[in-house]
Amino acid sequence: MSSRMRPEAKEIRLRLLDGRDRALYLFAFTDKSMMRFVGEPVGDERAEKAFSRACASNLMQNLKARTWVVEVGPSGDAAGLLSISVKGASAEIGGMILPRWQGLGISGAVFPLGIAEAFSFSEIDEMVIRFSSQN
């Protein structure tokens, strides 16, 4: 799939982050352009630790945090990351889309998928989304 063609919503899906996604995760959190609306990029060591924690959280039965790879198209090209963190009955969702996939409506299709996942856990009563008005 060409990276500049707007994918259909049915072509966008979530896959739980796992060990094969290390390079994607480290790039997302250490790259200045990826982090420009999130915060300061982190160093490699901190990103490695966060990656290990994210993979471990994905294996837990309860929903404390989840991180997914945003996949696009039949080949499952990685377009970014989507994460949920839970505090009490409130979940916060956030995502980062890789530069080549930005501006194609992927966030608009993938956030509802993550929100549906969060609300599938009975303990979640509210969803919080924060974003920069410049994004």
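Helices (H or I, at least four residues) and strands (E, at least two) are DSSP runs, numbered from the N terminus. The model is predicted, and local features need pLDDT of at least 70, side-chain atom pairs count only at pLDDT 80 or more, and totals for chains, interfaces and linings use all residues. Residues are numbered from 1 along each chain as its sequence is written, and side-chain values use heavy atoms, with hydrogens and water left out.

**View 1. Confidence along the predicted chain.** The mean pLDDT of the protein (pLDDT being the predictor's confidence in each residue, from 0 to 100) is 88, and 93% of the residues reach 70 or more. Among the elements, helix α3, residues 44–58, has the highest mean pLDDT, at 96, whereas strand β5, residues 126–129, has the lowest, at 85.

**View 2. Strand β2 and its burial.** Strand β2, residues 65–72, is largely enclosed by the rest of the structure, because eight of its eight residues are buried (buried means under 20% relative accessible area, exposed over 50%, partly exposed in between, with a 1.4 Å probe and protein chains only). In a regular strand the side chains alternate between the two faces of the sheet. From β2, A65, T67, V69 and E71 point one way and R66, W68, V70 and V72 the other way, and all are buried. V72, a residue of strand β2, counts as buried because its relative accessibility is 0%. The C-alpha atoms of V72 and I12 are 4.6 Å apart in space, although the two are 60 residues apart in sequence.

**View 3. The strands paired with β2.** Two strands pair if DSSP finds at least two bridges between them. Strand β1, residues 12–16, runs antiparallel to β2 and is joined to it by five bridges, with W68 of β2 as the bridge partner of L16. Strand β3, residues 77–87, is also antiparallel to β2, and eight bridges join the two; here D77 of β3 is the bridge partner of V72. Four residues lie between the strands in the hairpin of β2 and β3, where G73 takes a positive phi near 80°.

View 4. In helix α1, residues 22–30, the buried residues are L24, Y25, L26 and A28.

**View 5. The largest pocket.** A pocket is an open set of points on a 1 Å grid over the protein atoms alone, where a 1.4 Å probe fits, with protein on both sides within 12 Å along at least five of seven lines, and lining residues have an atom within 4 Å of a point. The largest pocket has a volume of about 1,500 Å³, a volume being the space filled by probe spheres set on the points, which are joined across faces, edges and corners. Its lining comprises 46 residues, and the closest to the centre of the pocket are V38, I93, G94, G95 and M96. At least two residues of this lining come from each of α1, α2, α3, β2, β3, β4 and α4 (106–119), and β4 gives the most, with eight residues. By class, the lining has 24 nonpolar, 14 polar and eight charged residues, where Ala, Val, Leu, Ile, Met, Phe, Trp, Tyr, Cys and Pro count as nonpolar, Asp, Glu, Lys and Arg as charged, and the others, Gly among them, as polar.

View 6. D18, in the loop between β1 and α1, is partly exposed, with a relative accessible area of 26%. Leaving aside neighbours within four places in sequence, D18 is in contact with F51 and C55 (contact means heavy atoms within 4.5 Å), while the C-alpha atoms of D18 and P41, 23 residues apart along the chain, are separated by 21 Å. R100, in the loop between β4 and α4, counts as partly exposed because its relative accessibility is 43%, and R100 lies 8.0 Å from A79, C-alpha to C-alpha, across 21 residues in sequence. F131, in the segment after β5, counts as exposed at 67% relative accessibility.
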